[in-house]
Amino acid sequence: MSVLVGRQAPDFEAAAVLGDGSIVENFKLSDSNGKLRVLFFWPLDFTFVCPSEIIAHDNRLAQFKELGVEVIGASIDSQFTHHAWRKTAPEKGGIGEVGFPIVADVKHEITQAYGIEHPEAGVAMRASFLIDEHGVVQHQTVNNLPLGRNVDEMLRMVKALKHHQKHGEVCPAGWDEGEEGMQADAEGVAKYLGAHSQEL
């Protein structure tokens, strides 16, 4: 397990199913440099918790796009398995025609590069990475196999990063869009805590 926050996200090239259902053999993370990206992994297609997380990302895809974020999914399944899963309706255990690319990490190289291969099961853990416009990982979460993610928390992290980029303020505990940030100095901390410590 490695912590990639503050480091360059490992680039990769692999087959993928795009949001329009077409299959490409040379999808590259670096092709989306200059944009914010959410890269998230799941253990296996046609399983249990995984479709709920993928559909949750797809249900919020318009919100991610409004924030200028590209969403990219990945697992160790092949592009053909991904394609078949997209063609399976949610009421039959599939994910439907989700609108973001799904990368095929059949050699486990991407999963291993990101340090999130399960030590016993050999699949990707439930890991999510927020990657900035320069390819630097700004946020990551890694859950064990039984624990589904909260996609709204990733949206909150995107908004926090954009707030920091725009205003230079840091975002205190529980910060959400429209709330006051904090100046990163002793005076800023005292001012913020004086006004908000009971709310934390």
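Colleague: Which residue forms a salt bridge with Lys-87?
Modeller: Glu-97 does, with the closest N and O atoms 3.0 Å apart. This is a predicted model, by the way.

Colleague: Where do Lys-87 and Glu-97 lie?
Modeller: Both Lys-87 and Glu-97 lie in the loop between α3 and β5, so the pair ties together parts that are 10 residues apart in sequence.

Colleague: Is Lys-87 buried or exposed? And Glu-97, buried or exposed?
Modeller: Lys-87 is exposed, at a relative accessible area of 54%. Glu-97 counts as exposed too, at 55%.

Colleague: How many salt bridges does the count come to?
Modeller: The count is 8. Some share partners: Glu-53, Arg-126 and Arg-149 are joined that way into one network.

Colleague: What about Arg-60, which residue does its side chain meet in a salt bridge?
Modeller: Asp-152, at 2.7 Å from N to O. Arg-60 sits in the loop between α1 and α2 (61-66), and Asp-152 is in helix α5 (residues 151-167), so this bridge ties together parts 92 residues apart in sequence.

Colleague: What is the relative accessibility of Arg-60 and of Asp-152?
Modeller: Arg-60 has 21%, so it is partly exposed. Asp-152 has 38% and is partly exposed as well.

Colleague: Now the strands. How do β1 and β2 run, and how many bridges join them?
Modeller: They run antiparallel, joined by 4 bridges. Glu-13 stands opposite Lys-28 of β2. Those two residues also form a salt bridge, with the closest N and O atoms 3.8 Å apart. Lys-28 is in strand β2 and Glu-13 in strand β1, 15 residues apart, so the pair links distant parts of the chain.

Colleague: How exposed is Lys-28?
Modeller: Partly exposed, at 31% relative accessibility.

Colleague: Which residue in the hairpin of β1 and β2 takes a positive phi?
Modeller: Gly-21, near 90 degrees. The hairpin has 5 residues between its strands.

Colleague: Which residue other than glycine has a positive phi near 55 degrees?
Modeller: Phe-46. Phe-46 is in the loop between β3 and α1. With a relative accessible area of 42%, Phe-46 is partly exposed. His-108 is another non-glycine with a positive phi, about 65 degrees. You'll find His-108 in the loop between β5 and α4 (109-113).

Colleague: On to Asp-132. What is the nearest side chain of opposite charge?
Modeller: Arg-37, 5.4 Å away. Asp-132 is buried yet has no salt bridge.

Colleague: Which backbone nitrogen does the Asp-132 side chain reach?
Modeller: That of His-134, at 2.8 Å. Asp-132 lies in the loop between β6 (126-131) and β7 (137-143). Beyond its neighbours within four places in sequence, Asp-132 is in contact with Lys-35, Leu-36, Arg-37, Gln-138 and Leu-161.

Colleague: Arg-37 again. Which side chain does a polar contact of 3.5 Å join to that of Arg-37?
Modeller: Ser-32. Apart from neighbours within four places in sequence, Ser-32 is in contact with Arg-37 and Ile-72. Ser-32 is in the loop between β2 (23-28) and β3 (36-41).

Colleague: Is Ser-32 buried or exposed?
Modeller: Buried, at 13% relative accessible area. The C-alpha atoms of Ser-32 and Glu-70 are separated by 7.8 Å, although these residues are 38 apart along the chain.

Colleague: Switching to helices. Which residues of α3 are buried?
Modeller: In α3 (residues 79-86) they are Gln-79, His-82, Trp-85 and Arg-86. Seen down the axis, these buried residues fall within an arc of 120 degrees, so they line one face of α3.

Colleague: What do the buried residues of α3 pack against?
Modeller: β1 (13-17), β2, α1 (49-59), β4 (69-75) and β5 (102-104).

Colleague: And α6, which residues are buried there?
Modeller: Gly-188, Tyr-192 and His-196, in a helix of residues 186-196. They cover an arc of only 35 degrees around the axis, which puts them on the same side of α6.

Colleague: Which exposed residues does the face turned away from the buried side of α6 carry?
Modeller: Ala-186, Glu-187, Ala-190 and Gly-194.

How values were computed: Residues numbered from 1 in each chain as written. Predicted model: local features only at pLDDT ≥ 70, side-chain atom pairs only at ≥ 80, totals over all residues. Heavy atoms only, no water. Helix = DSSP H or I, 4+ residues; strand = E, 2+ residues; numbered from the N terminus. Buried < 20%, exposed > 50% of the residue type's maximum accessible area, 1.4 Å probe, protein only. Contact = heavy atoms within 4.5 Å. Polar contact = N/O pair within 3.5 Å; in protein donor to acceptor, adjacent residues only side chain to side chain. Lys, Arg positive; Asp, Glu negative; His and termini not counted. Salt bridge = Lys/Arg side-chain N within 4 Å of Asp/Glu carboxyl O. Arc of directions from axis to C-beta. Pairing = 2+ DSSP bridges.
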